[in-house]
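Visitor: I have a model open and would like to go through it. Can I ask you things as I look?
Guide: Go ahead.

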Amino acid sequence: MKMMKFAVVGSGAMGHGIAEVLAINGFEVKMIDISWDILNKAKSRMEDSLKKFYEKKIITENPEEIMKRISMSTSYDVANDIDFAIEAVPESIDLKRKVFQSLDKIAPSNAILASNTSSIPISDIAEATNRREKVIGMHFFNPPQIMKLVEVIPSKYTSEDTINRTVDLAKTLGKVPVRLRIEVPGFIGNRIYLRLLQEACREVENKEATIEEVDSAARYKLGLPMGIFELADYVGIDISVDLWNIIVNRGASDVNCNLFKEKMNNKELGVKTGKGFYSYPSPGKYAKV
Ligand code: 3HC
């Protein structure tokens with residue numbers, strides 16, 4: 001694959017990880033976000049992560065050299081020579097459509113515009129552009145630096161060439177792409193995640209099990225790397241609830257879960273706030289529970 005240039009729009013939990021994976025693999029990345037404060041936070045998260053990988057010899061290139069391939073900007077203008085953009089802004093259809101309109105105006109006409117959305121229909125995003133056949137879903141999982149799965153989601157407009165180029169990119173990044181056949185709400189992975197959340201919540205609310213018991217069963221029966229409530233803390237309770245609402249609004253059946261509502265009301269959003277279903281000594285830093 002030729003040395004393509006990338007834009008990553010949105011530098012939060014997913015965006016910074018995606019940019020890091022691209023740079024580790026030798027690609028030049030332009031990170032775009034709305035403020036320098038957010039971009040600088042992303043920079044230090046990438047530096048910390050690269051340091052860990054380097055110390056463990058998972059990467060052999062010096063982290064400083066890798067970081068040189070990542071530039072940052074608060075303007076879309078830097079996307080004027082890219083081959084591929086990956087958007088990773090919050091899950092709002094209006095926001096995503098605005099981002100795609102901006103990219104569509106500036107990026108070269110042959111550039112692919114991908115969304116890391118976990119739940120919004122790609123067709124709705126593509127309709128905001130004049131290159132619908134070059135718009136696709138490329139959904140990474142958190143943490144993108146470690147999780148292998150990438151869902152590739154074509155919309156009804158996406159061309160075979162765009163799909164093939166996106167699948168090839170995922171493979172080049174060392175990921176395992178899974179191509180969706182049709183645009184279903186929540187795609188594949190998050191539909192399963194939603195069911196786990198719903199069932200876990202039901203068991204606790206019905207007093208059939210405690211949070212810790214559910215999480216032990218998830219770890220030691222299903223072999224998940226984290227318990228289900230622990231995973232919700234890790235992903236973010238607000239992100240999980242947004243995802244839940246979007247999938248339910250698009251036709252999946254709901255389980256009314258007060259446990260999650262309480263956490264939202266108390267602003268106990270998981271690892272990022274230092275408290276969710278469990279407590280974390282350093283807010284923002286995951287620690288095994
Ligand atoms: N960069 C570098 N190193 C990292 C890292 C990162 N981003 N994240 C974790 N690590 C390191 C840790 O620092 C730790 O290193 P250490 O041993 O030197 O301290 C090492 O990886 C192992 O981590 P831990 O021992 O703390 O914990 P685990 O062994 O459990 O690994 C995990 C952490 C990889 C996050 C693992 O628990 C896991 O795979 N959890 C499940 C994650 C998951 O399911 N993600 C999907 C969420 S759903 C989603 O993303 C969809 C979205 O649309 C909502």
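Visitor: What percentage of the 289 residues of the protein count as buried?
Guide: This is a predicted model, and 43% of the 289 residues count as buried.

Visitor: How many helices and strands does the protein have?
Guide: There are eleven helices and eight strands. The radius of gyration is 19 Å, close to the 19 Å from the globule rule for 289 residues, so the protein is as compact as a globular protein of that length.

Visitor: What box do the C-alpha atoms fill?
Guide: Roughly 55 × 45 × 30 Å, along the principal axes.

Visitor: Now the ligand. Which residues come nearest?
Guide: Ser49, Ser118, Asn142, Pro143 and Pro225, out of 19 residues around the ligand. The elements that give two or more residues to this shell are helices H2 (36-55), H7 (189-205), H9 (228-235) and H10 (237-249).

Visitor: Which of them gives the most?
Guide: H2, with three residues.

Visitor: And how does the shell divide into nonpolar, polar and charged?
Guide: Twelve residues are nonpolar, five are polar and two are charged. Domain 1 (5-179) and domain 2 (189-273) each supply at least three residues to the shell.

Visitor: Back to H10. Which of its residues are buried?
Guide: Ile237, Ile239, Ser240, Leu243, Trp244, Ile246 and Ile247.

Visitor: What covers them?
Guide: The cover includes H7, H9 and helix H11 (258-265).

Visitor: What span should H10 have?
Guide: With 13 residues at 1.5 Å a residue, H10 should span 18 Å, and its end C-alpha atoms are 18 Å apart, which agrees. Just after H10, Gly251 has a positive phi of about 120 degrees.

Terms used
Residues are numbered from 1 along each chain as its sequence is written. This is a predicted model: local features need pLDDT of at least 70, side-chain atom pairs count only at pLDDT 80 or more; totals for chains, interfaces and linings use all residues. A residue is near a molecule or strand if its C-beta atom, placed from the backbone, lies within 6 Å of it. Helices (H or I, at least four residues) and strands (E, at least two) are DSSP runs, numbered from the N terminus. Ala, Val, Leu, Ile, Met, Phe, Trp, Tyr, Cys and Pro count as nonpolar, Asp, Glu, Lys and Arg as charged, and the others, Gly among them, as polar. Domain bounds come from an automatic or database domain assignment. The expected span of a helix is 1.5 Å times one less than its number of residues. A residue is buried if 20 or more other C-beta atoms lie within 10 Å of its own, exposed if 12 or fewer, and partly exposed in between; C-beta atoms are placed from the backbone. Two residues are in contact if their C-beta atoms, placed from the backbone, lie within 7 Å. The radius of gyration is taken over C-alpha atoms; the globule rule is 2.2 Å times the number of residues to the power 0.38.
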